[in-house]
Amino acid sequence: MICPYCQQEMQKGELTADGRRGITWWPSDGPSWNRVIVAKNALWQSQAEAFYCGTCKKILIDV
Ligand SMILES: [Zn+2]
């Protein structure tokens with residue numbers, strides 16, 4: 001997916017929350033330490049495919 005803000009390729013990944021760690025974006029490819037902490041607290045377990053732009057610090061989610 002192309003970032004609508006800077007027109008560069010975004011990284012594919014997933015947003016997850018497991019009730020212990022906060023909401024986290026995990027890259028589909030590459031090392032797990034490239035994850036992005038979105039929120040420190042989470043109430044329930046969930047996940048959604050999400051695209052991340054490291055230049056703009058934006059995450060896009062299809063609904
Ligand atoms: Zn961007």
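The largest nonpolar core of this predicted model has 5 residues, namely Met10, Trp25, Ala50, Tyr52 and Cys53; a nonpolar core is a set of buried Ala, Val, Leu, Ile, Met, Phe, Trp, Tyr and Cys residues joined through C-beta atoms within 7 Å. The largest share of this core, 3 residues, comes from strand β4, residues 45-53, where strands (E, at least two residues) and helices (H or I, at least four) are DSSP runs numbered from the N terminus. Because the model is predicted, local features need pLDDT of at least 70 and side-chain atom pairs count only at pLDDT 80 or more, whereas totals for chains, interfaces and linings use all residues. Residues are numbered from 1 along each chain as its sequence is written.

**Core and burial**
- Of the 63 residues of the protein, 13% count as buried, a label that requires 20 or more other C-beta atoms within 10 Å of a residue's own, while 12 or fewer makes it exposed and values in between partly exposed, with C-beta atoms placed from the backbone.
- Tyr52, one of the core residues, touches Met10, Gln11, Gly13, Trp25, Val36 and Ile59, not counting residues up to four places away in sequence; two residues are in contact if their C-beta atoms, placed from the backbone, lie within 7 Å.

**Ile37**
- Ile37 lies in strand β3, residues 36-39, and is exposed because 10 other C-beta atoms lie within 10 Å.
- With residues up to four places away in sequence left out, Ile37 touches Gly22 and Thr24.

**Overall fold**
- The protein has 0 helices and 5 strands.
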